[in-house]
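I opened the file today to look up a few places in the fold. My entries follow in the order I made them.

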Amino acid sequence: MSDQARGHATATIYEASKMNIALDPAIRPAWTGARVAGPAYTVQGAGGDNLALHNAVAAAPAGHVLVADLGGALHGHWGEVLAVAAQQRGLLGLIIDGGVRDTVELAGIDFAVFSRGISIVGTRKGYQGGLGVPITVGGIRIATGDLVVGDADGVVAIPHEHVTDVLERSDARVADEKRIFDELRVGKTTLELYNFVAIP
């Protein structure tokens, strides 16, 4: 896959980075096969209220991924209506510390969502929210412009000033793993390749 993470998996990026960039593993794809990679546009919301998300969809620049702190609240903060609106404005996906719903419909329109859970519980619309401000999602501090990547294994957030270095390290890690796979296929063991001591 060609994307702003050069197609690298989150596990590769995390291992290559040598940084604390992995979001809480409880933040998972809302539907099987979801993947997203792009610059974050941050949203500070309030649990059980989704007005901030409506405001973010209207304000965020195309080509960004909404990253929202909803305090981990398991309400249906996001669903098909907001996803269609976001797609029409050129947004790439959503990473949310909170709940979402309409997961079958989200998969049907191929809008990538990563959330703390699934919930049909409705929301109010009273908190305008903060847009483009630093937030904490899944235990990781994220600012607008940081590169966020989500796939089947989880989500990582690379601070914008480290993106080039981390992606170059990821390229090198993939090349080294290719060498390892080639050597495994001709009979070498992982003990030999990683210089582990075998049990006598």
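**Entry 1: Leu-74.** I looked up how much of Leu-74 can be reached. Its relative accessibility is 46%, so I logged Leu-74 as partly exposed, the class between 20% and 50%. I noted that this is a predicted model. Leu-74 sits in the loop between β3 (65-69) and α3 (80-88). I then listed what Leu-74 touches, leaving aside neighbours within four places in sequence. The contacts are Gly-98, Gly-99, Arg-116, Gly-117, Ser-119 and Val-121. I also took a distance to Ile-120. Leu-74 and Ile-120 are 46 residues apart in sequence, and their C-alpha atoms are 8.7 Å apart.

**Entry 2: Arg-116.** Arg-116 was on the contact list of Leu-74, and I followed it up.

Arg-116 is partly exposed, at 25% relative accessible area. Asp-24 is also partly exposed, at 27%. Asp-97 is buried, at 7%.

**Entry 3: other salt bridges.** I searched the whole structure and got twelve salt bridges. One of them joins Lys-188 and Glu-183, at 3.2 Å from N to O. Salt bridges with shared partners join Asp-176, Arg-179, Glu-183 and Lys-188 into one network. Lys-188 is partly exposed, with a relative accessible area of 40%.

I then looked at charge over the chain. There are 16 positive and 22 negative charges, and their mean positions are 1 Å apart.

**Entry 4: helix α2.** Which residues of helix α2 (residues 51-59) are buried? I found Leu-51, Ala-52, Leu-53, Ala-56 and Val-57. I looked up what covers them. The cover includes β2 (36-44), β3, α3, β4 (93-100) and β6 (130-131).

**Entry 5: positive phi.** I looked for positive phi in residues other than glycine. Asp-102 has phi near 60°. Asp-102 lies in the loop between β4 and α4 (103-108). Its relative accessibility is 31%, so I logged Asp-102 as partly exposed. Asn-195 also has phi near 60°. Asn-195 is in the segment after α6. Asn-195 counts as exposed, at 67% relative accessibility.

**Entry 6: the segment after α6.** I stayed with this segment and looked up Phe-196. Phe-196 is placed after α6 (190-193). Is Phe-196 buried or exposed? Its relative accessible area is 52%, so Phe-196 is exposed, the cut-off being over 50%. Phe-196 forms a nonpolar surface patch with Leu-191 and Tyr-194. Together they have about 310 Å² of accessible area.

**Entry 7: whole chain.** I finished with the totals. The protein chain has six helices and ten strands. Its C-alpha atoms fill a box of roughly 65 × 30 × 30 Å along the principal axes. Of the 200 residues, 46% are buried. The chain exposes about 9,600 Å², and carbon and sulfur atoms supply 55% of that area. Among contacts with a separation of 6 or more, 75% are between residues 24 or more positions apart.

Note on methods: Residues are numbered from 1 along each chain as its sequence is written. This is a predicted model: local features need pLDDT of at least 70, side-chain atom pairs count only at pLDDT 80 or more; totals for chains, interfaces and linings use all residues. Side-chain values use heavy atoms; hydrogens and water are left out. Patches are made of residues with over 30% relative accessible area and no salt bridge: like charges are joined within 9 Å, nonpolar side chains (Val, Leu, Ile, Met, Phe, Trp, Tyr) within 5 Å. Accessible areas come from the Shrake-Rupley method with a 1.4 Å probe; for residues, only the protein chains shown count as cover. A salt bridge is a side-chain nitrogen of Lys or Arg within 4 Å of a carboxyl oxygen of Asp or Glu. Helices (H or I, at least four residues) and strands (E, at least two) are DSSP runs, numbered from the N terminus. Buried means under 20% relative accessible area, exposed over 50%, partly exposed in between (1.4 Å probe, protein chains only). Contact means heavy atoms within 4.5 Å. Lys and Arg count as positive and Asp and Glu as negative; His and the chain ends are not counted. The place of a charge is taken as NZ of Lys, CZ of Arg, CG of Asp or CD of Glu.
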